[in-house]
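Please read it with the structure open.

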Amino acid sequence: MSLAISIDDVRSAAKQIAGTAVRTPLIENIKLNEIADGRVFVKTENLQHTGSFKFRGAYNRLSRLNDAEKAKGVLAFSSGNHAQGVARAAALLGIDATIVMPEDAPALKLEATRGYGAKVVLYDRYTQDREEVARSVAGDSGVIVVPPYNDPLIMAGQGTSALEVVEDLKKMGLKADQALINCGGGGLASGSFTVYGEEFPDMKGYVVEPEEFDDVKRSLECGAIQTVDFDARSICDSLLTPSAGTLTFPVLEDNHVEGLSVSDDEARQAVSFAARHLKLVGEPGGVVSLAAVLAGKVVTRNKVTVCIISGGNIDPAMLEECLERY
């Protein structure tokens, strides 16, 4: 079966976004290494434009539109990070953007998306289908729909973060024994494991999800795409997708990726740990791979482990709650 992307697509994306996207640091921390009894490297995508890795895929996708397509504008649906990535990329490229967002999205993300110049259309994520809402908004306007993850250019763009990790580790004479990637619909994970599978073929790969949104974990275990229970809830708003993408899932399967899940409390603890010890702000959904390391979901002793803070767009009240509780 032909996969949606190859490492050459990710390398092409890296050239496309070079000079615009931030080359974010890969950091190591003494306290984290002590807990892991090994070496843990954290890719800091919370320091990316708009506070999330999502800018990478959005810019790779939008910057390749032709003039006629740009004139039609773009439409995206997102709980916040993809929204901001598309809005910011569109602003840089002079493209009108409309974003369909859940009405319960964090206020910080709604405000930021509007601040980048996008028009925001709200919907109820528990009673309405966001793709149907997006189609209704688009009508027959010809607007270009930019999916949050199930798109080859988006997937390749997100994978550029892993290319940087590989480059940084190789400069230190290291290779990763295992990598843990935060996972909603699988755009970041599929792009990343496309890179890791090529560069570190013996590496173990894991996607990490909230406990009640472990559809990708279950999908990988049974070999078919599973969906999330309608009543599922989590504070990890950036990972609340109903299922993996039809393009992203085969990439994860082909790379023999396994699934892990963390509780909301474990995510809160990771938010607090990142702030207190790494001096980094991460949102709950952005720190689930770090949470899995801290909670001992994988064996890290005497291993080189890579995880990621994929986003830092957390409402101040949530950050305060995490710091007070842990």
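Contact means heavy atoms within 4.5 Å. The model is predicted: local features need pLDDT of at least 70 and side-chain atom pairs count only at pLDDT 80 or more, while totals for chains, interfaces and linings use all residues. Residues are numbered from 1 along each chain as its sequence is written, and side-chain values use heavy atoms, with hydrogens and water left out.

**Helix 1 and helix 3**

- Helices (DSSP runs of H or I, at least four residues) and strands (E, at least two) are numbered from the N terminus.
- In helix 1, A13, Q16 and I17 meet R56, Y59 and N60 of helix 3.
- The axes of helix 1 (residues 7-17) and helix 3 come within 9 Å and cross at roughly 85°; axes are lines fitted to C-alpha atoms, for helices over the stretch in contact, and angles run from 0 to 180 degrees between N-to-C directions.
- Helix 1 is therefore roughly perpendicular to helix 3, a term for angles of 65 to 115 degrees.
- All nine of the nine residues in helix 3 (residues 54-62) are buried, that is, under 20% relative accessible area with a 1.4 Å probe, protein chains only.

**Pockets**

- A pocket is an open set of points on a 1 Å grid over the protein atoms alone, with protein on both sides within 12 Å along at least five of seven lines; lining residues have an atom within 4 Å of a point.
- The largest pocket holds about 900 Å³ of space, a volume being the space filled by probe spheres set on the points, which are joined across faces, edges and corners.
- Of its 45 lining residues, R130, Y149, L240, T241 and P242 are the closest to the centre of the largest pocket.
- Helix 9 (187-199) gives the most to this lining, with three residues.
- The second largest pocket holds about 200 Å³, and of its 15 lining residues D104, P106, I235, D237 and M318 are the closest to its centre.

**Cavity**

- A cavity is a set of grid points where a 1.4 Å probe fits but cannot get out.
- The structure has one cavity of 30 Å³ or more, and the largest cavity has a volume of about 40 Å³.
- Among the residues that line the largest cavity are K43, S161, Y196 and C307.
- Helix 8 (152-171), helix 9 and strand 10 (304-309) each give two or more residues to the lining of the largest cavity.

Definitions and conventions:
Buried < 20%, exposed > 50% of the residue type's maximum accessible area, 1.4 Å probe, protein only. Parallel < 35°, antiparallel > 145°, perpendicular 65-115°, else oblique.
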